[in-house]
Amino acid sequence: MLLLAAPLLAVAVAVAASALVLLATGNSPSKVFWVMAVKGTKTEAVVSMLNRAGPYYISGVAVAIGFKMNLFNIGVEGQYRLAALLAAAAGAAVTLPAPLHVLVILLVAMATGALWAVIPGLLKATRGVSEVISTIMLNAVAGGVTALLLEQYLKAPQEQGGYTVGTRPIGASGRFPSLNAAIAHLGIHLPAANRLQAYIFVAVAVGVAYHLLVWRTRFGFDLRASGSNPSAAEASGVDAKRMIVAAMAISGAFAGLVGLSQVLSEAGRYTSDTVIGGLGFTGIAVALLGRNHPLGIALGALLWAFMDAVQTPLANEGLPKQITAIMQGLIVLSVVVAYEVVRRTAARREASELRRAMPAPEVVRA
Amino acid sequence: MLLLLAVAALVAASCASKDKTSTTSNGGTSGGTSASAATCQGKTGEKDTAKPLGSVGDPNGSGKKVGLVFDVGGRGDKSFNDSAYNGIEAAAKNMKVTIKTLEPDASGSNRAELMRGLATGGYTMIIGVGFAFADDMAKIAKDFPNTKFAIVDGVVKQPNTTGLLFAEEQGSFLVGAAAAQASKAKQVGFVGGVETALIKKFEAGYKAGVKQIDPNVKVDVKYLTPDGDFSGFKDPAKGETTAKGLYANGDDVVYHAAGLSGTGVFRAATAADRLAIGVDSNQYLQVPPAQQKCILTSMIKRVDVAVYTAVKAYLTGGLKGGTLMFDLKNGGIDFATQGGQIPDTKKLEDLKQQIIDGKITVPTT
């Protein structure tokens with residue numbers, strides 16, 4: 001009950017605060033919220049939201065795995081960029097039967113992400129380097145390495161007059177079809193130009209894997225134990241160093257999948273526009289919103305994706321689309337505050353119940 | 001959120017400068033000898049002399065709907081996007097078309113959505129400003145075969161899509177010639193934002209122009225980021241550091257093709273009391289008066305002319321796919337004279353005429 005109150009309260013506070021911002025800047029809050037509520041729930045916007053939510057969710061899970069054992073993987077950003085580039089290049093280089101081709105691309109991405117994330121893991125385990133610092137630095141390195149690899153080795157020849165830098169396109173066997181035909185069977189007919197991407201299934205698979213791994217395996221138990229009480233976990237025989245490296249590797253493997261939604265759909269290749277930047281940081285916010293819970297992260301990802309998707313109708317109406325970024329920030333801020341308030345309330349309630357359960361101490365009177 | 005900001009700041013800070021390509025080896029020796037270097041002597045406060053767009057015979061669009069999607073950043077960039085806006089605004093005024101202009105989100109992830117919205121909203125001509133639209137436009141042009149599309153700086157191989165291209169090398173040639181005329185140190189610089197094929201075209205034209213005036217003038221070339229890392233177009237700090245290095249090394253004129261990073265180049269020029277050359281728009285008109293005296297000239301790329309011409313072609317049925325080339329001849333490319341610092345404008349006009357007449361062919365690589 002209290003658990004649900006916190007995010008709802010946070011969203012309400014964010015809406016109220018952004019209404020004030022809109023008023024202060026001479027805009028009409030009612031008009032903006034009307035467009036968000038009405039145009040933002042139209043088919044095109046919902047398709048756009050779902051297409052965006054997949055990568056956000058995967059990014060959130062990648063960050064959450066680190067959070068589960070008090071590791072702050074800020075390096076998702078670099079991990080997915082490098083992974084997406086190498087996976088796209090590998091996918092373009094081979095031709096395989098349909099399911100296998102996609103699988104190879106996904107595996108290359110996961111392996112790349114894992115290997116890149118293991119570096120800060122090893123640095124922390126063996127040298128005590130804070131993963132916060134090392135992952136940030138490695139983001140910059142990954143950005144440079146990605147640009148360099150693309151320019152020097154993996155760039156497709158540019159057409160005369162074309163300046164888009166990207167890898168060669170992946171063959172049809174290595175791409176997901178859009179879901180439009182499939183959901184037409186369900187009676188939902190999307191306009192042909194609004195393609196619902198199948199990558200959402202990868203996100204669902206990631207969510208299931210995350211749940212099973214963290215709550216249904218010995219490894220997951222050790223992970224959570226190391227997170228909530230490292231010394232107790234170590235005393236009970238958990239190898240802390242091994243756990244750090246393993247957690248970073250798994251986090252990185254999931255991170256590797258963040259950037260592939262466009263690569264595996266119509267675009268079919270890596271360019272700076274099909275694999276956009278910033279998803280790693282979105283993942284941090286989404287994981288915070290969802291409190292590292294598989295379903296919570298899904299709600300966070302959908303909320304975030306909704307806010308991004310309504311930028312298009314807002315722009316169409318000539319309204320300030322920047323308000324969504326302000327709202328996103330306010331929501332995260334209020335969620336963090338709300339969770340803390342709820343935590344304290346719960347703790348106080350627990351304490352008072354404990355006091356009531358115990359016999360009152362006798363007061364000695366003179 | 002604060003944490004995120006801090007993270008972002010750290011990331012930005014960690015992106016250390018990674019200069020590429022040729023540098024000079026005689027560093028230091030020629031720097032600071034102000035007697036043999038060009039200094040900022042330009043007049044300030046001169047006005048724009050460009051003629052307004054349009055002519056008497058322009059067709060009447062009678063309310064036909066034309067949509068335009070800006071590049072990331074939107075209006076107010078005093079460059080590419082603003083120029084495109086001027087073009088479409090003039091089209092609305094002179095040719096009576098109904099216009100709608102949209103700006104993508106910060107990552108550009110909704111370019112396709114915006115174009116799609118325009119197409120379904122009855123906009124029968126859609127313009128994308130910037131080559132980043134190419135991949136998305138290829139798909140959407142297929143989805144809406146009866147809509148006409150145009151892309152600035154790009155090529156899309158669809159029968160209903162026209163690429164609006166510029167002969168940047170021609171304008172770069174002329175400002176290169178101006179740089180060679182003005183340079184007393186006999187060495188000039190070039191700062192490219194990102195090492196793309198597009199910016200290399202600027203470099204090639206510039207070098208050829210310098211050589212045309214004086215083969216002994218050396219050209220130092222610096223790029224802010226490698227291809228694929230587009231931060232080089234919006235990093236004024238890096239532009240300033242790089243230009244500062246070039247001036248300290250003895251260059252007395254620096255031409256930038258680095259987008260927003262160019263503002264850093266102008267700061268460095270003003271601080272070093274050396275000359276700089278602007279790009280895309282007439283940047284003399286944009287900088288504060290204190291910097292105006294350091295702007296030798298600008299390589300002007302008339303995106304407004306391209307957009308206006310494309311709308312006109314659309315109304316007269318002339319927009320038939322392929323490409324439209326904008327160059328010195330049709331006024332799509334030009335150079336600026338504000339500030340009056342170009343030593344021999346007549347010579348430049350002469351070179352311009354030779355290029356128009358085909359007597360000089362400017363290399364693109």
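Visitor: How many residue pairs are in polar contact across the interface of domain 1 of chain A and domain 2 of chain A?
Guide: This is a predicted model, in which local features need pLDDT of at least 70, side-chain atom pairs count only at pLDDT 80 or more, and totals for chains, interfaces and linings use all residues; side-chain values use heavy atoms, with hydrogens and water left out. Residues are numbered from 1 along each chain as its sequence is written, chains are lettered from A, and ligands are numbered from 1 in the order in which they are written. A polar contact is a pair of N or O atoms within 3.5 Å; within protein, one must be able to donate a hydrogen and the other to accept it, and residues adjacent in sequence count only if both atoms are side-chain atoms. Across the interface of domain 1 and domain 2 of chain A, with both residues at pLDDT 80 or more, the number of such pairs is 5.

Visitor: Which helix gives the most residues to the side of domain 1 of chain A that touches domain 2 of chain A?
Guide: Helices (H or I, at least four residues) and strands (E, at least two) are DSSP runs numbered from the N terminus. Helix H1 (2-24) and helix H16 (322-357) of chain A each supply at least two residues of that side of domain 1. With 8 residues, the one that gives the most is H16(A).

Visitor: What area do domain 1 of chain A and domain 2 of chain A bury between them?
Guide: The domain bounds, from an automatic or database domain assignment, are 1-27 + 320-342 for domain 1 and 55-319 for domain 2 of chain A. The contact (heavy atoms within 4.5 Å) takes 12 residues from domain 1 of chain A and 14 residues from domain 2 of chain A. Buried area is the accessible area (1.4 Å probe) that two parts lose on being put together, summed over both. Of the area buried between these domains, 74% is on carbon and sulfur atoms, and the total is about 1,200 Å².

Visitor: How many salt bridges does the rule find across the interface of chain A and chain B?
Guide: The rule asks for a side-chain nitrogen of Lys or Arg within 4 Å of a carboxyl oxygen of Asp or Glu. Lys155(A) forms a salt bridge with Asp227(B), their closest N and O atoms lying 3.7 Å apart. Between domain 1 and domain 2 of chain A the count is 0; across the interface of chain A and chain B it is 7.

Visitor: Which residues of chain A lose the most area to chain B?
Guide: In this interface, 39 residues of chain A are in contact with 42 residues of chain B. The two chains bury about 3,600 Å² between them, 57% of it on carbon and sulfur atoms. Together accounting for 18% of what the chain A side buries, the residues that lose the most are Glu151(A), Tyr163(A) and Asn316(A).

Visitor: Which helix supplies the largest share of the side of chain A that touches chain B?
Guide: Across this interface there are 12 residue pairs in polar contact, both at pLDDT 80 or more. Helices H3 (43-68), H6 (131-154), H13 (279-289) and H15 (311-316) of chain A each supply at least two residues of the side touching chain B. The largest share, 7 residues, comes from H6(A).

Visitor: How many helices and strands does chain B have?
Guide: The secondary structure of chain A comes to 16 helices and 0 strands. For chain B, the counts are 11 helices and 12 strands.
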